[in-house]
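Colleague: I'd like to learn how to read strands, helices and contacts off a model. Could you walk me through it?

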Amino acid sequence: MQTPKHGGAPTASNLHSPQPEDGQWVMPSKNYDATRFSGLDQIDTQNVRNLKVAWTFSTGMTRGEEAAPLVVGSTMYIVTPYPNYLYALDLTQNGALKWVYKPGVDPSSQGVACCDVVNRGAAYSAGKLFYNTLDNYTVAVDAQTGRQVWKTQLGDINKGQTMTMVPLVVKDRVIVGNSGGEMGVRGWLTGLDAKTGKIAWRAYAAGPDSDVLIGPNFKPFYDEDRGKDLGVTSWPPGAWKIGGGGAWGWVSYDPELDLIYYGTANPGPWNPDQRPGDNKWSCTLFARRPETGEAIWAYQIGPHDDFDYDGVNENVLVDLPINGQTRKVLLHPDRDGYVYMMDRATGEVLSAEAFGYITTNTGVDKKTGRLQLVKAKSPGFGKTVRDICPASPGAKDWQPSAFSFKTGLLYVPHNNLCQEVSATAANYIAGTPYVGATVRMYAGPGGNRGEYTAWDPVAGKVIWTIKERFPVWSGTVVTTTDVAFYGTMEGWFKAVNAKTGQQLWQFKTGSGIIGQPTTYRGPDGKQYVAVLSGVGGWAGAVVAGGLDTRDGTGALGFTNAMIDLPKYTTRGGTLYVFSLP
Amino acid sequence: MVRSTGIMKRVTKGVLACASVLVLATLASSCKRESRTLRNEPPQRGLYDAARESTNEPGGKLPKIGMPSPAEGNAYAISQGQRLFDWYNCSGCHAQGGGGMGPPLMDRRFTYGSQPANIYDTIVRGRPNGMPTWGGRIPEFQVWQLVAYVRSLSGSEPSAATPGRSDGLEKKTRAQLQ
């Protein structure tokens with residue numbers, strides 16, 4: 001067993017023993033299991049109400065701040081939205097600026113990013129920080145000095161590509177994926193050599209098996225995912241070349257099985273009539289070998305996706321007791337409204353229970369694994385379809401959940417939105433949107449557009465939920481002392497009791513929160529909680545982009561659901577760090 | 001017999017002349033709104049107004065040079081612009097004027113100027129923070145049609161020449177949307 005070079009331990013978590021806690025936060029998902037669980041116990045349900053601001057730092061930006069503040073040793077690192085600065089802050093000096101690395105991002109890339117010019121953060125490994133720039137570069141920066149070690153071009157804005165996701169560093173591979181499902185890109189996941197930055201492998205989301213890195217060891221669990229060159233045959237001729245399926249979300253890793261897990265994005269265009277067929281391998285969960293990218297299993301969550309339900313959400317890896325046995329599973333709260341619990345060794349769906357209000361499908365067929373769509377809700381030429389629930393951002397979008405080893409619950413920040421869609425003919429012009437749908441979103445049943453939910457994965461049900469006015473677009477973290485943190489789009493940073501959902505503390509930050517909170521032990525031994533405030537992202541586009549609320553179809557339909565957001569928040573990025581007095 | 005016909009003639013001529021001018025003027029504006037050319041204008045880039053994006057003109061304002069847009073106030077051009085706005089994926093970034101990936105176009109705040117020549121420049125040359133460069137791709141006569149349509153989104157074109165909204169989604173009241 002190799003010595004870990006970073007916070008990820010060599011064995012996967014299981015219900016009774018989370019990863020050892022070292023007080024750092026070296027990657028946004030905390031570790032390879034993506035549990036976002038902290039073993040720090042200084043802040044608890046009794047004293048969290050005394051939490052106060054320790055220090056702040058202005059990022060100097062006005063777009064959405066989605067990153068997770070990393071802590072390695074006594075330095076904190078944050079990545080900003082375009083132009084993607086990397087700041088290193090000295091934790092022994094109240095966050096004083098140590099250095100800033102400016103990658104020099106092509107300004108034209110701002111015109112190719114569908115959903116605000118966000119960046120979800122960097123990952124630390126072996127003395128370097130790795131992150132992606134909006135204009136399709138992956139950079140490696142020396143964590144001590146801020147000097148660039150390498151910078152590799154991965155894609156081209158002229159093909160509509162951008163990059164916003166967090167790289168996953170596994171052994172000597174840096175694994176990254178592209179964005180652009182609304183721009184007719186060809187989606188991929190790429191593995192770079194961590195030392196040199198050279199591209200070692202690229203797994204496309206569609207095309208012949210050789211492009212998708214499907215080979216003799218590929219063993220999908222379900223019949224529908226078996227066959228030769230399905231990434232070609234499940235599309236109209238040639239449509240896979242502009243078919244989307246980028247890997248812009250989260251990647252997890254199981255060192256024992258040596259498998260990385262991630263999902264692919266929606267197929268393009270949104271108008272499903274233009275791409276009959278299952279459109280493999282969009283909206284698909286893949287398990288691959290990190291060294292070579294070779295696919296070991298795949299499960300297409302959403303065949304012939306009609307609703308832009310990208311499959312890119314996080315896969316939380318835990319071992320859970322199911323029917324008397326301990327199973328190695330992954331928990332995947334999908335856009336389509338289900339928390340998928342799957343055997344992560346084989347790709348079998350053990351359960352798919354609804355955590356949101358759903359009209360677009362009636363469930364996952366246990367035998368075939370196929371999502372049963374409600375035909376009447378599929379958009380298409382010549383019709384306007386209403387009450388499509390969940391709306392395109394899904395019951396949950398990118399905002400990542402956290403798992404508590406104490407309560408056994410998954411803490412899910414998410415949405416409650418429905419929409420109406422009128423499909424039009426999408427015209428492919430490279431570098432411009434390829435969508436073919438006019439959309440208007442609105443609040444789902446109940447009127448609250450967001451929720452923060454505690455989910456029991458074994459029982460497959462909601463234990464408690466907190467309704468919020470706006471989508472809960474932030475990440476979350478849960479601690480061993482049963483404190484869970486999340487942020488609202490009005491700007492409230494909240495602490496709740498992880499057992500009961502009772503709110504314990506809140507603080508009003510300067511702008512809506514869509515960032516990922518992290519918690520760490522400072523150089524002085526105290527526990528701190530850090531979060532970026534700065535509204536934006538797809539949900540906050542109406543404020544971040546200064547959109548006109550008279551046109552509800554703006555921001556791919558999100559404007560209509562967020563017409564009142566400008567009353568509650570303005571723009572502006574600030575890092576907040578909290579501690580006990 | 002009183003010979004007053006001279007004055008009467010002049011007055012009548014004057015009245016007639018004014019009336020004719022009025023009629024012609026009305027005819028002229030509606031002529032502009034309704035006119036259709038059977039041939040597209042050849043490219044005339046050298047002749048349009050040098051687009052100014054700053055209102056600070058050192059040394060005092062210069063008189064305008066060049067010719068106005070052929071599409072201004074023209075109903076056919078604006079409706080063609082509406083068609084092209086979807087066709088060239090402008091609506092993909094700007095929605096129905098509300099914006100999304102790109103800024104709104106319906107609110108009269110134009111980063112790079114709202115005059116036809118400014119908007120022409122924006123489309124043809126692109127802009128530094130994400131507006132693509134369409135020069136060489138969209139024929140010039142279509143650019144002017146798009147320019148007129150874009151201006152109509154913020155009410156800068158005569159409403160008699162402006163098409164109705166057609167975002168494809170039947171309008172629902174706020175109450176129906178809850």
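**Reading the sheets and helices**

Modeller: Let's begin with a sheet in chain A: four strands in the order 15-16-17-18 form an open sheet, with antiparallel pairing. Do keep in mind that this is a predicted model.

Colleague: Which strands stand at the edges of that sheet, and what is left without a neighbour?

Modeller: The edge strands of chain A are strand 15 (252-254) and strand 18 (295-300); each has a single partner strand, so one side of each lacks a neighbour in the sheet. From one strand to the next, the twist averages 20 degrees.

Colleague: And what actually holds strands together?

Modeller: Strands of a sheet pair through backbone hydrogen bonds, either parallel or antiparallel. Take strand 17 (residues 284-288) of chain A, which pairs with strand 18 of chain A in the antiparallel sense over five bridges. Look for A:Leu285, which sits opposite A:Tyr299 in strand 18 of chain A.

Colleague: Now to strand 28 of chain A. Which strands does it pair with?

Modeller: Strand 25 (residues 384-388) of chain A pairs with strand 28 of chain A in the antiparallel sense over three bridges, and there you'll find A:Ile388 opposite A:Gln419. Strand 29 (residues 437-443) of chain A also pairs with strand 28 of chain A in the antiparallel sense, over seven bridges. In strand 29 of chain A, A:Arg440 is the bridge partner of A:Glu420.

Colleague: How do I read the two faces of a strand?

Modeller: In a regular strand the side chains alternate between the two faces of the sheet. For strand 28 of chain A, one side has A:Leu417, A:Gln419, A:Val421 and A:Ala423, the other has A:Cys418, A:Glu420 and A:Ser422, and all of them are buried.

Colleague: Why is strand 28 of chain A described as largely enclosed?

Modeller: Seven of the seven residues of strand 28 (residues 417-423) of chain A are buried, so this strand is largely enclosed by the rest of the structure. Buried here is a count of neighbours: 20 or more other C-beta atoms within 10 Å of the residue's own.

Colleague: What is the secondary structure of chain B?

Modeller: Chain B has six helices and zero strands. Of its 178 residues, 31% count as buried. Among contacts in chain B between residues at least 6 apart in sequence, 67% join residues at least 24 apart.

Colleague: Which residues are buried in helix 4 of chain B, and what do they pack against?

Modeller: In helix 4 (residues 116-125) of chain B, the buried ones are B:Pro116, B:Ile119, B:Tyr120, B:Asp121, B:Thr122 and B:Ile123. The buried residues of this helix pack against helix 5 (140-153) of chain B. Just after helix 4 of chain B comes B:Gly126, with a positive phi of about 75 degrees.

Colleague: How do helix 2 and helix 5 of chain B cross?

Modeller: Their axes come within 7 Å and cross at roughly 95 degrees. Angles of 65 to 115 degrees count as roughly perpendicular, and helix 2 and helix 5 of chain B are therefore roughly perpendicular to each other. Residues making the contact include B:Leu84 and B:Phe85 of helix 2 of chain B and B:Trp144 and B:Tyr149 of helix 5 of chain B. By class, the contact residues are eight nonpolar, six polar and no charged.

Colleague: Last one: how many residues does each chain bring to the contact between chain A and chain B?

Modeller: Chain B brings 29 residues and chain A brings 33 residues. In chain B, helix 2 (75-87) and helix 3 (90-94) each supply at least two residues of the side that touches chain A. That side of chain B has 13 nonpolar, 12 polar and four charged residues.

Methods. Residues are numbered from 1 along each chain as its sequence is written. Chains are lettered from A and ligands numbered from 1 in the order in which they are written. This is a predicted model: local features need pLDDT of at least 70, side-chain atom pairs count only at pLDDT 80 or more; totals for chains, interfaces and linings use all residues. A residue is buried if 20 or more other C-beta atoms lie within 10 Å of its own, exposed if 12 or fewer, and partly exposed in between; C-beta atoms are placed from the backbone. Two strands pair if DSSP finds at least two bridges between them. Two residues are in contact if their C-beta atoms, placed from the backbone, lie within 7 Å. Ala, Val, Leu, Ile, Met, Phe, Trp, Tyr, Cys and Pro count as nonpolar, Asp, Glu, Lys and Arg as charged, and the others, Gly among them, as polar. Axes are lines fitted to C-alpha atoms, for helices over the stretch in contact, and angles run from 0 to 180 degrees between N-to-C directions. Angles under 35 degrees count as roughly parallel, over 145 as roughly antiparallel, 65 to 115 as roughly perpendicular and the rest as oblique.
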